[in-house]
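Look at the sequence and the fold below. Then work through the exercises.

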Amino acid sequence: AILTKEQVIGIYMHRKSETVSSSAVAAMFNVNPKTVRDIWNRRTWAEQTQHLWDDGEEPVMRSRRRQIKFWRASASSSAGSDSDGDT
């Protein structure tokens, strides 16, 4: 199922509920619980939910983006190497 921005915001709004699990939210929106957790953890749809983040969450996302860029750069630079390290 393809989600709309409105559905993603609805899923994100359930994030802080202590009584609703990702499985329950997934059933409400007819998606996989992992999809819900990815939205809650800002792995996906981050731009669409950013206006709902707490004050402390923005710096965490900047740090995560730097880690992802570093990982991608490392992966692409080692992709051309042989198993013994020679290029």
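Predicted model: local features only at pLDDT ≥ 70, side-chain atom pairs only at ≥ 80, totals over all residues.

**Exercise 1.** Find where serine 22 lies, and decide whether serine 22 is buried or exposed.

Solution. 
- Step 1: Locate the residue. Serine 22 lies in helix 2, which covers residues 22-29.
- Step 2: Read the relative accessible area. For serine 22 the value is 12%.
- Step 3: Apply the cut-off. Buried means under 20%, so serine 22 is buried.

**Exercise 2.** Which residues does serine 22 touch, leaving out those up to four places away in sequence?

Solution. 
- Step 1: List the partners. They are Pro33, Val36, Arg37 and Trp40.
- Step 2: Take one of them, valine 36. This residue is 14 residues from serine 22 along the chain.
- Step 3: Check the C-alpha atoms of this pair. Their separation is 5.8 Å.

**Exercise 3.** Asparagine 30 has a positive phi, and arginine 42 has one too. State where each residue sits, and whether each is buried or exposed.

Solution. 
- Step 1: Note the angles. Phi is about 60° for asparagine 30, which is not a glycine. Phi is also about 60° for arginine 42, again not a glycine.
- Step 2: Judge asparagine 30. Its relative accessible area is 65%. Exposed means over 50%, so asparagine 30 is exposed.
- Step 3: Judge arginine 42. Its relative accessibility is 9%. That is under 20%, so arginine 42 counts as buried.

Conventions: Residues numbered from 1 in each chain as written. Heavy atoms only, no water. Helix = DSSP H or I, 4+ residues; strand = E, 2+ residues; numbered from the N terminus. Buried < 20%, exposed > 50% of the residue type's maximum accessible area, 1.4 Å probe, protein only. Contact = heavy atoms within 4.5 Å.
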